[in-house]
Every structure is written in C-alpha cells, then in structure tokens.
Amino acid sequence: LEAVAPDGYSGRIRLLISVGFDGAIAGVRVTQHKETPGLGDYIEPKKDKNKVRPWITQFDGLSYATVADQEWKVKKDGGRFDFMAGATVTPRAIVKAVRKATRYVAEN
C-alpha cells in the first residue's frame, strides 16, 4: 500500500509498504522525498551508508499486533526504532506513517 508521512523535515515523504496476509511488514521503501541531501539519505537503501542493514529495513517482519503502541517511536523518544543523530524529524515521520498504515491493515 502507499502511505504518506506528511510531517517530514522538508515536507511529504511518500512510502510504499508491503504487508503480508499475516499483517507482517515485508518491506518499506521511500518512493519520494525532499529531505536534506546527505542528512536524509539513509532512508533510501541505495544511499544508506550501512549496506549490511539499511535503516529502512528495521520494519521488516514487524506488525501492528506485535509492536506495542508506545514502541512505535524512535529510540530518542523512548521507542524501538533507530535514528540518525541530527536527523530525528525524518525517522519520526516515517515511523508514524508506517504505524498508521499497519494499523489500517490490521483493522481492515
């Protein structure tokens, strides 16, 4: 499904989220954004410097049912998701959008 994180640092971040029949996330990819070049690059696997485990892959295998509501935040805010120092607005927006999308799938 397609989702939009309206509150990225530089505006909307468009996402494509693949969810299995069991509600588990098969993958999340950013399809469009205007985040700061260099600083926001890690949200795209091809630009993420961590080639072993790109940032966006930390959603893989999770579902709305298996992650408590209070955990759907970046670690800086007491949640479970990593973020890059100096760039917390972007991951906050993506985490929130993925949570909303998986909740929608679970409820429908």
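Guide: Two strands are said to pair if DSSP finds at least two bridges between them. Helices (H or I, at least four residues) and strands (E, at least two) are DSSP runs, numbered from the N terminus. The model is predicted, so local features need pLDDT of at least 70 and side-chain atom pairs count only at pLDDT 80 or more, while totals for chains, interfaces and linings use all residues. Residues are numbered from 1 along each chain as its sequence is written, and side-chain values use heavy atoms, with hydrogens and water left out.

Visitor: How many bridges join strand β1 to strand β2?

Guide: Five bridges link β1 (residues 2-8) with β2 (residues 11-19), and the two strands run antiparallel. With two residues between them, β1 and β2 form a hairpin.

Visitor: In what order do the strands form the sheet?

Guide: The order is β1-β2-β3, in an open sheet of three strands with antiparallel pairing. Because β1 and β3 (25-32) stand at the edges, each with a single partner strand, one side of each is left without a neighbour in the sheet. From one strand to the next, the twist averages 30 degrees. Between β2 and β3, which run antiparallel, there are six bridges; I17 has V28 in β3 as its bridge partner.

Visitor: Which helix packs on the sheet?

Guide: Two conventions are needed: contact means heavy atoms within 4.5 Å, and axes are lines fitted to C-alpha atoms, for helices over the stretch in contact, with angles from 0 to 180 degrees between N-to-C directions. Here helix α1 (residues 89-107) packs on the sheet and touches β1, β2 and β3; its direction makes about 145 degrees with that of β1.

Visitor: Which residues of the largest nonpolar core touch the most other members?

Guide: A residue is buried under 20% relative accessible area, exposed over 50% and partly exposed in between (1.4 Å probe, protein chains only). A nonpolar core is a set of buried Ala, Val, Leu, Ile, Met, Phe, Trp, Tyr and Cys residues joined through side-chain atoms within 4.5 Å. The largest such core has 25 residues, of which L15, I17, V28, F59, W72, I94 and V98 touch the most other members. The elements β1, β2, β3 and α1 each give two or more residues to this core, and α1 gives the most, with six residues. Leaving aside residues up to four places away in sequence, I94 touches A5, I13, L15, V30, I43, W55, I56 and F59.

Visitor: How is a pair of aromatic rings described?

Guide: The description rests on the distance of the centres and the angle of the planes. Rings of Phe, Tyr and Trp (its six-membered ring) pair if their centres lie within 6.5 Å; planes under 30 degrees apart count as stacked, over 60 as edge-to-face and the rest as tilted. This structure holds four aromatic pairs. Y42 and W55 form an edge-to-face pair, at 5.5 Å centre to centre and with 85 degrees between the planes. Both residues lie in the loop between β3 and α1, so the pair ties together parts that are 13 residues apart in sequence. Y42 and W55 are buried, and together with F59, W72 and F81 they form one aromatic cluster.

Visitor: What pattern does the protein follow along the sequence?

Guide: Read in that direction, the pattern is β-β-β-α. Of the 108 residues, 42% count as buried.
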